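Here are a few notes to read alongside the model.

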Amino acid sequence: MSSFTEENEQIPEMQKNLELLKGLPFFAPFPVQALKILALLATRTKFMPGDLLYEKGDDPHRAYLVLHGILALTAKENNNSPVTLRIFREGEFLGSLALLGRMPALFNLTAEMETSVLTLSRDQFSKVLSQFPEALTLSLTAALKEINRWEKANIPEAEPCCLARLGVTAL
Amino acid sequence: MVAKHEQKQQKEADKTTPLVTQRSLFYWAFNGNLKPQIILLFVIILIVFSRVLPLEMQKRIVNESIALRDVHTLILYCVIYLIAVTTTSLLKLAINYLQALIGERSMLTMRQGLYHHILNMPLGFFRTTQPGMVVSSLMTELSAAGTFAGQAFAVPVTNVLTLLAFAGYLLSLHAKLAMATLLIYPVAVFIVPLLQKRANIANKTRVDLSRETSNQIAESISGIHEVQVHGAYGQESRKFDILVEKLKKTRIQWSLYKFGIKTTNNYFVSLGPFVVFIFGGYLVMHGELELGAMVAFLSAQEKLYDPWKELITFYQTYQDASIRYSRTMEYFDITPEFPMIPPPEHSHKLANGIEVKDLVFETSDGHKLLNGITFSLTGGEHLAIVGFSGSGKSTLVQCIGKMYQYTRGSITIGGEEVSSLSKAELNKNVGYISQNPFIFTGTIKENLLYALKPILPEPTTDNENSNVNGDEPELDRMILVLQQAGLFVDVMRFGLDSFIGQDDSKMIKTIIRIRRTFREDFGDRMRDYVEFFDKHSYHMNSSVSENIIFGTANDKKFGHHLLPENPKFRIFLTESGLLQPLFNLGVELAEQVFDILGGVETPDIFFENSPVPADRLEDCKRVLNHLKKKQPSALVPKEQSFLLSLALNFTPAIHTMTPLRENFRAIILSARDKFPHWCDRTVPGLFLFYDENNYIHGQSILNNIFFGKTKSDLTHAQEKINQAIIHLLIEEECMEQIAAIGMNFQVGSTGDRLSGGQRQKLAIARVLIKQPAVIIMDEATSALDNKSQTRIQRLIETRWKQKRTVIAVIHRLDTISTFDKIAVMKTGKIVEWGTYSELIDKKGILHELIYGRK
């Protein structure tokens, strides 16, 4: 038991981050050298229940990997109570598009419970891209793949009325 | 002295004197320099006399003293000779000093005049002018004109008089021989200007090319981001190469002509002695000339050469200076569009109704950016201008703010035509917030008061004891404005991140008190965001050396960055068995960093997360190479210190490439226990150890309140900390003091220590503090986050409605519904006008802009 914790402590945080990043489709194709730097720059932080990560209109400028807990993407129109669109649980990654460029958020992101994340900012990501220009193409490809997968998954579920809302992949 | 000078300038401006750019070069030499010039003339007359005297003495020594063997007169003449020569040197020094004095004084007034003029030039001029060009004009090109202004009177007068005196003296000695030798000079006078003309052409080209080159450099440097991001090094270099190549050719040509003039001149002058020898020699042989007179002639020839040479050089300097001067002045010869100084009796507060009628703005090439704009707003109404980019929104508000002169039509504010209002009157009544505000080097406070200062009454400088800041607004008002603009929390943070003086015992006491309250009220809640100092635990957000010492040194030699080289500290490390573990850690860090950043082209952008400083990656590589063959303890002292510096700087929370091992943590903690005892023995009193009841100098106010350090600089953590601290500071009635400290925060060159949002908030605050009747916002909130934007929105809605007229160019359409009127612009015209609901109901262009084309 004690040997386990001992050993666990011997693994540097950066190494753990590196393994996590390698497991994400968005980062997996990156050169190892670039991933190592990303793993060094990434920070771990904790949110309390109800903490707002960003709200509609903000530039999110960060990507998050949920390490523990739950993040919720919510929409709030006028004075209605918020509607939850999606839930991100342990191991889920969000914000890859925010890393690529500035874009005002359309929804709010809040912590549902005490949640710890690994996070990377667009500034940090761009710094790494400036050193590894080939990674830009890789990340674009990964982002497109993700958008495609997302829409594909939505086609069978969409009601006929809502099918008209699909088609983002044809833009 | 300066104030006097300004008064003089003001008087000049009032008399509608010509622009500084239309002054002749000679104006600067004489204007305000009359007294030194007259003294100069007097000295010159003396020097001419003292220059001719030695010639006469020479003649008399040969003809009278030597020929008649009269020792008595020989001594007398020699003494007179000596006195004359000494006086000449002294007078020459006096002339040089006076010249320099006049030159510097004229350069000063020239620079001040031109700079003042440039600041008032129309904005359109600066769109095509690079700052570097203005710099080189003011600093380089004008300095030649200044040097010339110093010489403008002295040099020609001295030398022409000297020449005339020598020539007169020679003519009196022997008219025929004198005529023959002086004949050379008219020939030179004929040839030199011919060459000079060519030199001038080359020089004009050179001035223009230099300006073009400095423009090119300025452009590339200001666009360096684009250059590097597009890899356009080649293109930029080529543009530069072509220009400097041309410049080189022109400069060679110019030099050739310049030296051509000198050589021609030298040649003619050296013909002088030749004439004296051949013609004078003949005359002496025939008894028509005394030998003494011939000696005097020969010396005079040589002496004639000096003033002549100086005249030629002066002629060249004049040509060069007048070209530089006229080229520079022509470039800036544009009349300011708006009179700057208000007739004081007219300066008053305007009413805030605005009427715009048939407004047209045409660019110089006839393009109509505004084409017949008409609308009116009653005082206190709020107008949002929306529309496509390039529709003339910004041009419209810039015309109302009198940044550009409109071509036709009228704009009235409070019934007064904007074009007839002075700029100062307008500044008092209209506040303009731009999209990309410029922040000036200095403190937050200086920037906050930047727009207010020009409209405040001049502080009286006559009384030395008078408070210079006498008219500064109250601290309360500044705080209120910062709150309204949403910059207050940031300013508080700047204050909290500052250091306070060791002697500020009152503040220190307050902070210690706040520290206790903070720990009691917030200690538990903040544990996730703050790492509190605790004698018995290792601090992950502090370096190894901070963890060992747990205190601060009174001696700079024991500062953290110097510890690795400090021999006494090294003894402590050895004694407490830390040296080897630290070496091991240093090696591990060096290896890790080299593995991660070794292959990166510009590793310095990642230095924040690296224990190895940006410029020492090469050292890192060398040390690692040496370590293949040697133990760390066998390395040269410099390399040992390097490894120690890595280890002592290791901060586990930041340098995540290496873990903090359990046994290492234990050694460091036990070293922390031993350190105070060791200090008592070796360096008593040098260290002050952290204690909950003592203020820690060398740590920020915030860290002192915490008695710890923040764990994370992420936004949500910072927000929680800010909330807690500000709440506490208000309770402890210490908020104003910290805000005042924060307002003295230096924003860096052009505000680069502020974020884009902070810069924009500061720009909003500096207009709010003016309390203008009319506020113009040109996409003024575009760089703000959602919260800050909402805050400004609320301010406009609740505080300004019916009080201040607002005209806002708005990019984000979700914020316009609260405005009284909406104007939709397209190609220089208002195509839709009305209230929000009217326009939405109409389902016209605004509807389309908001909801898109269905």
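Is H28(B) largely enclosed by the rest of the structure, or largely open?

1. Largely enclosed, because 11 of the 13 residues of H28(B) are buried. Buried means 20 or more other C-beta atoms, placed from the backbone, within 10 Å of a residue's own. Helices are DSSP runs (H or I, at least four residues) and strands likewise (E, at least two), numbered from the N terminus.

2. A word on the source: this is a predicted model, where local features need pLDDT of at least 70 and side-chain atom pairs pLDDT 80 or more, while totals for chains, interfaces and linings use all residues. Residues are numbered from 1 along each chain as written, with chains lettered from A and ligands numbered from 1 in written order.

3. Among the buried residues of H28(B) are B:Arg759, B:Lys761 and B:Ile764. The buried residues pack against several elements of chain B, including strand S6 (430–433) and helix H29 (786–800); contact here means C-beta atoms, placed from the backbone, within 7 Å.

4. In chain A, 4 strands form an open antiparallel sheet in the order S2-S7-S4-S5; strands pair if DSSP finds at least two bridges between them. S2 (52–54) and S5 (83–88) stand at the edges, each with a single partner strand, so one side of each lacks a neighbour in the sheet.

How values were computed
Buried ≥ 20, exposed ≤ 12 C-beta atoms within 10 Å, placed from the backbone. Contact = placed C-beta atoms within 7 Å.
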